[in-house]
Amino acid sequence: NPELIQQLPGTSDLSFQSLLLKPLQRVAHIELMLKQILQETPTSHDDFQQMQAACQIATVVSSSIDEAKREADARDELLMLVPFILGHDELLAPHRWHVRNERVFMHSVGSHVPLQLFLFNDVLVVCEPLSDGYFQFISRLGLNDVSMCKMCEIENQNQSFSGLSASVVQSSCVLVTSTMTVVLQFESVELIDAWMKDFHATVDI
């Protein structure tokens with residue numbers, strides 16, 4: 001019972017969520033303490049190898065906790081996103097979490113079409129931005145069926161995009177599926193770099 005727990009000595013000024021995090025934070029403190037002890041332990045000491053093994057175990061456990069927390073936070077983001085994506089009722093899944101989303105512009109003949117890309121750990125969802133923070137679902141692409149490459153990397157090899165300005169080339173990528181190839185321009189070079197980093201890291205999982 002959260003209310004009973006918060007009546008314990010030393011817990012009245014902490015939220016229930018903060019109390020739940022206490023054991024996890026202790027693991028990080030133990031990892032730091034073990035590393036400090038290891039630094040002060042001579043390599044010739046009888047306990048050095050055991051202390052070294054304990055540090056490695058603590059590091060693995062701490063990394064696992066951090067990764068699980070990141071995934072839990074990303075799943076919470078998915079729960080908050082779903083009500084704003086209209087026309088798709090199957091986004092929620094136990095294995096799925098949100099990685100990032102960005103506004104882009106699809107280059108079409110004589111126009112730039114605004115789109116919102118939602119990157120999840122297993123799919124890429126393409127939507128049309130609406131008013132009041134809502135999005136209309138357009139398509140869902142499995143990450144195994146999608147490739148993305150920065151246009152500047154392609155442009156260095158051929159002149160197929162010579163009609164576009166240098167700033168557009170630097171902030172754009174080419175998205176390729178089995179049925180289409182489109183040019184997507186991000187709002188800045190920094191955003192496309194961050195997107196491509198997360199996209200390739202997610203595909204490689």
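Student: How much space lies in the largest pocket?
Tutor: In this predicted model, the largest pocket holds about 240 Å³ of space.

Student: And which residues line that pocket?
Tutor: The lining of the largest pocket is made up of Glu-67, Arg-70, Glu-71, Ala-74, Trp-97, His-98, Val-99, Asn-121, Asp-198, Ala-201, Thr-202 and Ile-205, and these divide into five nonpolar, three polar and four charged residues.

Student: Which element gives the largest share of the lining?
Tutor: That is α3, with four residues, while α3 (48-81), β2 (98-108) and α6 (189-203) each supply at least two residues of the lining.

Student: Let's pick Ala-74 from that list: where does it lie, and is it buried or exposed?
Tutor: Ala-74 lies in helix α3, and it counts as buried because its relative accessibility is 7%, which falls under the 20% cut-off for that class.

Student: What separates Ala-74 from Arg-100, taking the C-alpha atoms?
Tutor: The C-alpha atoms of Ala-74 and Arg-100 are separated by 8.9 Å, with the two residues 26 apart along the chain.

Student: Switching to the surface, which residues form a nonpolar patch there?
Tutor: Phe-84, Leu-86, Leu-130 and Tyr-134 form such a patch, and together they have about 300 Å² of accessible area.

Student: Where is Tyr-134 placed, and why does it count as partly exposed?
Tutor: Tyr-134 is in the loop between β4 (123-129) and β5 (135-142), and it counts as partly exposed because its relative accessibility is 32%, a value that falls between the 20% limit for buried and the 50% limit for exposed.

Terms used:
Residues are numbered from 1 along each chain as its sequence is written. This is a predicted model: local features need pLDDT of at least 70, side-chain atom pairs count only at pLDDT 80 or more; totals for chains, interfaces and linings use all residues. Side-chain values use heavy atoms; hydrogens and water are left out. Patches are made of residues with over 30% relative accessible area and no salt bridge: like charges are joined within 9 Å, nonpolar side chains (Val, Leu, Ile, Met, Phe, Trp, Tyr) within 5 Å. Accessible areas come from the Shrake-Rupley method with a 1.4 Å probe; for residues, only the protein chains shown count as cover. A salt bridge is a side-chain nitrogen of Lys or Arg within 4 Å of a carboxyl oxygen of Asp or Glu. Buried means under 20% relative accessible area, exposed over 50%, partly exposed in between (1.4 Å probe, protein chains only). On a 1 Å grid over the protein atoms alone, a cavity is a set of points where a 1.4 Å probe fits but cannot get out, and a pocket is an open set with protein on both sides within 12 Å along at least five of seven lines; lining residues have an atom within 4 Å of a point. Grid points are joined across faces, edges and corners, and a volume is the space filled by probe spheres set on the points. Ala, Val, Leu, Ile, Met, Phe, Trp, Tyr, Cys and Pro count as nonpolar, Asp, Glu, Lys and Arg as charged, and the others, Gly among them, as polar.
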